[in-house]
Amino acid sequence: MASWHYAFLFPPTSSRLNPAAAVDVLSDFGLEFDTSFRAAVEIDELGHLEHGEETPLGKSTVVKLKQRLCDDEQLIIECRNAELFFSCSFATQYSNPYVMLGWSKRLFQQLSLSRQKDYWDMLRQCAKQCGAAYVVIVDDPPDFFEDRFLEIDGQRFLENRLPSGNKYDIHAIWTDIELCGKVPEGVDESSRREIPDGFAEYSV
């Protein structure tokens with residue numbers, strides 16, 4: 001089974017993400033979006049999402065994709081270049097809204113360290129332009145991992161263990177220094193280090 005990295009982008013308290021801005025960052029980086037997407041469908045009373053059949057976007061793919069996102073549509077779509085492809089999930093109307101980007105761990109590790117850095121820089125720009133206050137970077141999470149990073153009364157709580165007791169493979173938590181009100185419960189505050197683009201990084 002292939003192993004993937006995932007980055008979950010979450011907004012600040014009482015704010016919304018700007019998903020169309022992430023499309024701009026990915027496109028400017030040279031990633032081309034597929035000409036079709038799969039719309040999200042709510043599957044339970046909690047608002048959890050699954051994705052249906054492919055729907056064509058047609059010509060002017062980026063323009064039409066951004067328009068759908070600005071119209072609050074929830075969907076999943078892929079974008080790619082010669083090195084990597086990303087699965088991009090936009091769930092901005094969900095009760096715990098997020099944007100998720102996933103990419104192959106194997107293909108990523110085959111890149112040079114300098115090229116890997118370029119992608120990390122791109123992901124931070126996605127978060128910055130989206131208005132994300134928190135980014136959770138995790139490998140191979142189970143379905144509905146967003147439920148493990150909930151906000152209660154303005155405080156984020158990170159649950160880092162599976163029901164079995166095993167830990168999620170969480171690499172890091174990034175917080176936007178200007179947007180993040182409180183450090184999430186469940187992170188190691190002593191691990192804090194500042195990284196580029198106005199973010200702080202924590203381990204769990």
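## Cores

Cys88 touches Leu26, Phe33, Leu75, Ile76, Ile77, Cys79, Met100 and Leu101, leaving aside residues up to four places away in sequence. Contact here means heavy atoms within 4.5 Å. This is a predicted model: local features need pLDDT of at least 70, side-chain atom pairs count only at pLDDT 80 or more, and totals for chains, interfaces and linings use all residues. Residues are numbered from 1 along each chain as its sequence is written, and side-chain values use heavy atoms, with hydrogens and water left out.

Cys88 also belongs to the largest nonpolar core, which has 38 residues. Leu9, Leu26, Ile77, Phe86, Cys88 and Phe90 touch the most other members. Helix 4 (residues 113-130) gives the most to this core, with six residues. A second, separate core holds 24 residues, including Tyr6, Phe8, Tyr98 and Ala133. A nonpolar core is a set of buried Ala, Val, Leu, Ile, Met, Phe, Trp, Tyr and Cys residues joined through side-chain atoms within 4.5 Å. Buried means under 20% relative accessible area, exposed over 50%, and partly exposed in between (1.4 Å probe, protein chains only). In soluble globular proteins, nonpolar side chains tend to be buried together.

## Strand 3 and its neighbours

Strand 3 (residues 36-42) runs antiparallel to strand 4 (residues 49-56), with six bridges between them. Strand 3 is also joined to strand 5 (residues 75-80), again antiparallel, by two bridges. In that pairing, Arg38 has Ile76 of strand 5 as its bridge partner. Helices (H or I, at least four residues) and strands (E, at least two) are DSSP runs, numbered from the N terminus. Two strands pair if DSSP finds at least two bridges between them.

Val41 lies in strand 3 and stands opposite Glu50 in strand 4. Val41 touches His48, Leu49 and Glu50, not counting residues up to four places away in sequence. Val41 is partly exposed, at 45% relative accessible area. The C-alpha atoms of Val41 and Ser190 are separated by 40 Å, and the two residues are 149 apart along the chain.

Strand 13 (residues 199-203) is mostly covered, with four of its five residues buried. Strand 13 pairs with two strands. Four bridges join strand 13 to strand 11 (residues 169-176), running antiparallel. Here Asp176 stands opposite Phe199.

Four bridges also join strand 13 to strand 12 (residues 188-195), antiparallel too. Arg193 has Glu201 of strand 13 as its bridge partner. Strands 12 and 13 form a hairpin with three residues between them. In the turn, Asp197 has a positive phi of about 70 degrees.

## Salt bridges

The structure holds 16 salt bridges. Each is a side-chain nitrogen of Lys or Arg within 4 Å of a carboxyl oxygen of Asp or Glu. Side chains of opposite charge can pair when their charged atoms come close.

Lys117 and Asp121 meet in a salt bridge at 3.0 Å, N to O. These two are separated by about one helical turn, because they sit four residues apart in helix 4. Lys117 is partly exposed at 48%, and Asp121 is partly exposed at 21%. Arg124 forms a salt bridge with Asp197, with the closest N and O atoms 3.1 Å apart. This pair links distant parts of the chain: Arg124 is in helix 4, Asp197 in the loop between strand 12 and strand 13, 73 residues apart. Arg124 is buried, with a relative accessible area of 6%, whereas Asp197 is partly exposed at 32%.

Arg148 forms a salt bridge with Glu159, the closest N and O atoms being 3.3 Å apart. Arg148 lies in the loop between strand 8 (134-139) and strand 9 (149-152), Glu159 in the loop between strand 10 and strand 11, eleven residues apart. Arg148 is partly exposed at 22%, and Glu159 is partly exposed at 40%.

## Surface patch

Leu150, Ile152 and Phe157 make a nonpolar surface patch of about 250 Å². Patches are made of residues with over 30% relative accessible area and no salt bridge: like charges are joined within 9 Å, nonpolar side chains (Val, Leu, Ile, Met, Phe, Trp, Tyr) within 5 Å. Accessible areas come from the Shrake-Rupley method with a 1.4 Å probe; for residues, only the protein chains shown count as cover.

Phe157 is in strand 10 (residues 155-158). Phe157 is partly exposed, with a relative accessible area of 35%.
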